[in-house]
Amino acid sequence: MNAPLTPTSRESLQKAERQSQVVRALQAHLPGHALIWHEEDTTPYECDGLTAYRARPLVVALPETEAQVAAVLKTCHQLGVPVVARGAGTGLSGGAMPHTLGVTMSLAKFNRILKIDPARRTAVVQCGVRNLAISEAASPFNLYYAPDPSSQIACTIGGNVAENSGGVHCLKYGLTLHNVLRVRGFTAEGEPIEFGGEALDAPGLDLLALVIGSEGMLAVTTEVTVKLVPKPQLARCIMASFDDVRKAGDAVAAVIAAGIIPAGLEMMDKPMTAAVEDFVHAGYDLDAAAILLCESDGTPEEVEEEIGRMTAVLRGCGATAIAVSTSEDERMKFWSGRKNAFPASGRISPDYMCLDSTIPRKRLADILLAIQEMEKKYNLRCCNVFHAGDGNLHPLVLFDANDPDELHRCELFGADILETSVAMGGTVSGEHGVGVEKLNSMCVQFTATENEQMFGVKRAFDPAGLLNPGKVIPTLQRCAEYGKQVVRGGRLPHADLPRF
Ligand SMILES: Cc1cc2nc3c(=O)[nH]c(=O)nc-3n(C[C@H](O)[C@H](O)[C@H](O)COP(=O)(O)OP(=O)(O)OC[C@H]3O[C@@H](n4cnc5c(N)ncnc54)[C@H](O)[C@@H]3O)c2cc1C
């Protein structure tokens, strides 16, 4: 006689039966090599760049054609199975983390550049094309794709569209939203859908702006038309040191207030500078409390004039040292530290959690000083690198995921940074998205009414709620449990937040 099933073994059995059902249904549409479900094969898909949170998908599907994407979506819709689209898995908010009872749809095979049109300065690319590959393909025409996430060597344009990704040069050239003309994809029911168009403006409601940044919750993207911009004739970079973070923060606000929009304006604090200098030897000033990198690009005359004005502003704000790149090699060396900030942090700690809030530029120093206090409160270290010109913070909280208490303290530290940013007039996310990471903090940023409106948009595109469910928008219940729910029609006071 068989032993009675425990609740856990009954659950595993149900899951295994569900898995067989989904695999059988998908095998009717996809070749054998495009479906994986054995535990050892699905492990690489367990998480994205936010490695602290993991889940094993029921099945991973790797379609190669739009017909296969449509078939996967239709099949999952008929069976009521969630679908999580996945690009390169470099996301930092858990957006591509699998659903344990769902299909992870990897778009890795959609990696072709379909057309470069130098006359119209556009490129049509499949969603799995790497960000940097677009600029490489456009380079012979002296063009490039401007948004440049530091992960650009790996991340895909489909992921960039889903996250509305930014980068160092987005201060001057705009985010993904400002550099995409058209997105083609499929709805949760597997029907084709297009947002925007090849022209500079499209008729009807601006659904392109809605889908960009929707974190795979409204549609699955398969093809994107992007804008290309001419490569600047010249670019030069200033590296300025400050002995006080407040002076550095004020200098950022002063550069913008002077009417200058630099091609990049980044800031690093002392712990970050030490970590990257040890890694890439970029020549950073290790005595500085903070350093700024300010880039100018354009014609040689424009660059000379702008570098002169920025240097004067930085001096006026108390810079203790200023170096200006004199060659392309030197400029790349200045940027090498900034571009390697995340891997450099990985060298000094088993794990790091990268936060991504925004604050008004004039509060940069306030938030840095608040984070220093939080380091003591949570007994964890934090390195800071900012897209300072955009007021977009990237604090990297260092921790060891093998220690559950450290992970817990890191989560509290992260939430504190996000919610303090909101209290200072900022937002919980600048460019990395909400995913699973910032769900609780969304309860602080938005009222119940606002969150419900976002659910309304989700329902309009995906009534069954199968595309990337459980992410981005917090439920009323979650907010109630989190204890910081804002009430319909008004916000509860953030009693537990520090006042500034
Ligand atoms: C070292 C490092 C540096 C980074 N620097 C930056 C930076 O400077 N700026 C920045 O903005 N981000 C940065 N990121 C974060 C990340 O690279 C971006 O969010 C990127 O856009 C994710 O692309 P991906 O292809 O890896 O997407 P994934 O991580 O695979 O997915 C991200 C989200 O997009 C959805 N998605 C992916 N493809 C599709 C599709 N075809 N259709 C519908 N939904 C889809 C997923 O469901 C998920 O919600 C960095 C990450 C790392 C690891």
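Before the details, a word on how to read the numbers. Residues are numbered from 1 along each chain as its sequence is written, and side-chain values use heavy atoms, with hydrogens and water left out. Because the model is predicted, local features need pLDDT of at least 70 and side-chain atom pairs count only at pLDDT 80 or more, while totals for chains, interfaces and linings use all residues.

Let me start with the whole protein. It has 18 helices and 18 strands, where helices (H or I, at least four residues) and strands (E, at least two) are DSSP runs, numbered from the N terminus. The radius of gyration, which is taken over C-alpha atoms, is compared here with a globule rule of 2.2 Å times the number of residues to the power 0.38. For this protein the radius is 23 Å, close to the 23 Å that the rule gives for 500 residues, so the protein is as compact as a globular protein of that length. Along the principal axes, the C-alpha atoms fill a box of roughly 80 × 55 × 45 Å.

How much of the protein is buried? Of its 500 residues, 52% count as buried, and by buried I mean under 20% relative accessible area, with exposed being over 50% and partly exposed in between (1.4 Å probe, protein chains only). If we take contacts, that is heavy atoms within 4.5 Å, between residues at least 6 apart in sequence, then 71% of them join residues at least 24 apart.

As for charge, Lys and Arg count as positive and Asp and Glu as negative, whereas His and the chain ends are not counted, and each charge is placed at NZ of Lys, CZ of Arg, CG of Asp or CD of Glu. The protein has 46 positive and 60 negative side chains, and the centres of the two sets lie 3 Å apart.

Now to the cysteines. A disulfide is a covalent bond between the sulfur atoms of two cysteines, and in this model the term is given to a pair of cysteine sulfur atoms within 2.5 Å. How many disulfides does this rule give? The count comes to one, and the bond joins C443 to C479, with an S to S distance of 2.3 Å. The pair links distant parts of the chain, since C443 sits in helix 16 (residues 439-445) and C479 in helix 18 (residues 476-482), 36 residues apart. The torsion about the S-S bond of C443 and C479 is about -85 degrees, so the disulfide is left-handed. Both C443 and C479 are buried.

C76 is itself buried, with a relative accessible area of 1%. C382 is in no disulfide either, and the nearest cysteine sulfur, that of C383, is 6.7 Å away; C382 is buried as well, at a relative accessible area of 1%.

R121 has a phi near 55 degrees, and R121 is found in the loop between strand 5 (113-117) and strand 6 (122-126). N468 has a positive phi of about 50 degrees, and its place is in the loop between helix 17 (448-461) and helix 18. Leaving out residues up to four places away in sequence, G102 touches P57, L58, V59, V81 and P82. The C-alpha atoms of G102 and P469 are separated by 9.7 Å, although the two residues are 367 apart along the chain.

D356, in the loop between strand 16 (351-354) and helix 14 (364-378), is also buried, at 0% relative accessibility. Beyond residues up to four places away in sequence, D356 touches several others, among them N392, H394, H432 and K438.
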